[in-house]
Amino acid sequence: MTTTPDESVQTFPPSADFAAGAVATAERYDAARADRLGYWADQARSTLSWDKDFGEVLDWSEAPFAKWFVGGELNAAYNCVDRHVEAGNGERVALYFEGEPGDTREITYAELKAEVARAANAFESLGVAKGDRVAIYMPMIPETVVTMLACARIGAIHSVVFGGFSSDALRSRVDDAEAKLVVTADGSYRRGKPSALKPNVDTALARPGHTVEHVVVVQRNGEAVDFEEGRDIWWHDLVPGQSAEHSYVPHDSEHPLFILYTSGTTGKPKGILHTTGGYLTQTAVTHRDSFDLKPEQDVYWCSADVGWVTGHSYIVYGPMANGATQVIYEGTPDTPHKGRLWEIVQKYKVTQFYTAPTLIRTCMKWGREIPDQYDLSSLRVLGTVGEAINPEAWLWFREVIGANNGPGNPPKEQPAPVVDTWWQTETGAHMIAPLPGVTHTKPGSAQTPVPGVEVAVVNEEGKPLGKSEAGLLVIKEPWPAMLRGIYKNPERYKETYWSRFGDLYFAGDGARYDADGDIWLMGRVDDVMNVSGHRLSTTEIESALVAHEAVAEAAVVGAKDATTGEAVVAFVILTGAAAEATSDKEALEQELRGHVGKEIGPIAKPRNVLVVPELPKTRSGKIMRRLLKNVANGDEVGDASTLADPSIMEQIAEDMRAKHGS
């Protein structure tokens with residue numbers, strides 16, 4: 001461990017053993033700096049199988065619309081499944097499925113190849129052809145992965161809709177994509193109870209005017225569902241009887257692979273379009289390098305849902321292109337008990353665990369005595385994704401999970417490194433992340449662009465900023481996995497991402513360099529507050545709050561203020577011990593205000609701190625700060641239907657009115 005002199009931040013170099021055996025070395029950076037396009041060409045050819053080699057690496061003549069690996073042809077499903085079987089790895093486990101009720105399945109690459117072929121034949125029998133769109137509204141079960149790969153094999157464009165979304169959200173995505181087929185399930189399980197999906201599809205399609213011809217339904221939880229004759233078909237009546245052989249067709253490198261809709265706070269969801277060759281290259285390369293993947297021995301687990309881009313890139317396409325063995329889990333982290341995650345790590349001897357800071361902070365709140373009961377010694381690399389991670393959660397993850405050597409044993413001398421990754425639905429793959437065998441990792445910082453990616457922190461005029469200056473994060477050069485536009489809306493693509501700086505992609509996030517040149521993410525620009533002319537990061541204030549021993553989790557928003565323009569308002573969850581010991585919440589709230597002032601400075605001191613029983617989170621674990629901002633401003637709460645517990649906002653709003661008059 002070392003300390004950077006200007007920031008007093010601990011850094012953790014890789015151990016000599018880890019560095020000596022690392023998949024990615026510093027030579028990756030050297031090669032990319034020497035010839036960026038040549039680097040990506042080499043990675044594309046060495047990582048993937050191409051039916052037809054590409055000529056031009058990048059065509060940027062119609063910027064900001066890129067074409068990568070021009071003229072090349074390949075098939076994503078072949079790269080993710082068939083070639084591993086052909087290489088003699090058909091008996092390698094592709095998926096360990098763990099259902100919430102405890103049911104399990106083990107699927108080898110040879111078995112997966114047969115399943116994908118059957119599904120591809122089945123979908124073609126329903127008239128699905130290359131270029132058609134398929135909506136997937138599914139739980140985290142193997143058939144979801146099979147469906148995505150079957151679409152890729154045919155050349156159909158899949159649009160996965162998160163299973164927690166409403167029927168209206170599903171319909172809007174079906175309509176925008178003009179989907180021909182919907183693949184769903186009768187339902188799933190959530191916290192020990194059946195959860196319905198098919199009824200939402202029925203509601204979504206009840207109104208005429210859609211383009212859906214068939215609905216294929218996987219029987220998962222056995223709930224009774226309605227069937228529309230001629231439209232609805234059971235998966236088990238359609239797929240198993242198909243041939244296990246399917247002749248794949250190579251697709252152009254720029255053939256669309258999928259559309260994934262991102263929902264903003266306002267406006268119509270944006271259909272982010274990704275194509276095949278560049279996306280598959282960068283997801284496979286970054287998955288291999290960021291997690292030091294050794295597919296012949298590792299068991300990888302990403303806890304995301306395939307309804308989000310993390311599930312696309314780092315459950316389906318990246319890991320499977322690399323021939324990885326991985327775990328997929330249907331349920332929630334606290335069902336049937338709060339040790340469920342660690343039980344699964346122990347059971348399958350997981351070597352890489354990739355999860356969200358929200359989940360890490362939740363586990364912190366539950367206490368280390370829970371993971372301490374399990375043997376997590378198999379873990380080699382830990383990863384975080386989804387939002388900037390506060391240093392306290394980063395250190396807890398490293399020291400409690402990464403150093404766990406099994407109950408009763410002393411901790412590992414060299415804990416598993418933590419890889420904090422920054423990227424977006426739009427970027428397709430990791431853009432900023434340490435290499436675990438090279439980088440001296442730093443708690444709370446994503447640190448440095450991955451080889452072959454060029455970013456900068458700039459001011460409002462697009463001028464580069466120096467060390468320790470806060471500004472806007474931009475991407476300077478095209479990258480292989482970049483979105484190819486917003487589906488059917490090229491002007492919105494240009495306006496959303498390129499209008500601010502012209503030749504720089506604006507990511508929408510604030511960032512700063514520290515004195516070492518490492519990048520610290522400061523959250524979305526609308527999460528960077530301007531208090532009396534000072535730019536304050538919600539992430540930094542949240543980190544200061546979580547650093548207090550009484551606080552398990554925090555969310556900070558900017559509220560309107562007549563004097564300062566914006567004021568800091570904080571919502572905090574107490575640790576179990578603090579909740580039991582605290583009799584005077586108002587006194588603690590004042591203490592926390594002072595704590596932030598001490599940690600960051602008086603300008604960052606929250607105007608209000610409110611202790612809450614829970615934060616408003618979607619089923620995927622994302623904190624809905626927009627709703628908290630509405631409460632802080634005294635506005636109507638807004639639509640809370642996507643929350644795991646919609647009632648929590650009523651309680652927070654009532655408490656805010658009672659205590660602070662908002």
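Glu254 forms a salt bridge (a side-chain nitrogen of Lys or Arg within 4 Å of a carboxyl oxygen of Asp or Glu) with Arg484, and their closest N and O atoms are 2.9 Å apart. Glu254 lies in the loop between β15 (251-252) and β16 (256-262) and Arg484 in the loop between β24 (470-475) and α15 (490-497), so the pair ties together parts 230 residues apart in sequence. Both residues, Glu254 and Arg484, are buried, where buried means under 20% relative accessible area, exposed over 50% and partly exposed in between, with a 1.4 Å probe and protein chains only.

This is a predicted model, in which local features need pLDDT of at least 70, side-chain atom pairs count only at pLDDT 80 or more, and totals for chains, interfaces and linings use all residues. Residues are numbered from 1 along each chain as its sequence is written, and side-chain values use heavy atoms, leaving out hydrogens and water.

By the salt-bridge rule the count comes to 44. Two further pairs are listed here.

| Pair | Closest N and O atoms |
|---|---|
| Arg28 and Asp289 | 2.8 Å |
| Arg220 and Asp103 | 2.7 Å |

Arg28 and Asp289 are both buried. Arg220 counts as buried at 16% relative accessibility, whereas Asp103, at 30%, counts as partly exposed.

Helix α3 (residues 36-47) has buried residues including Tyr39, Trp40 and Gln43. Helices are DSSP runs of H or I of at least four residues, and strands are E runs of at least two, numbered from the N terminus. What covers the buried residues of α3 includes α2 (27-34) and α10 (277-290), with contact meaning heavy atoms within 4.5 Å.
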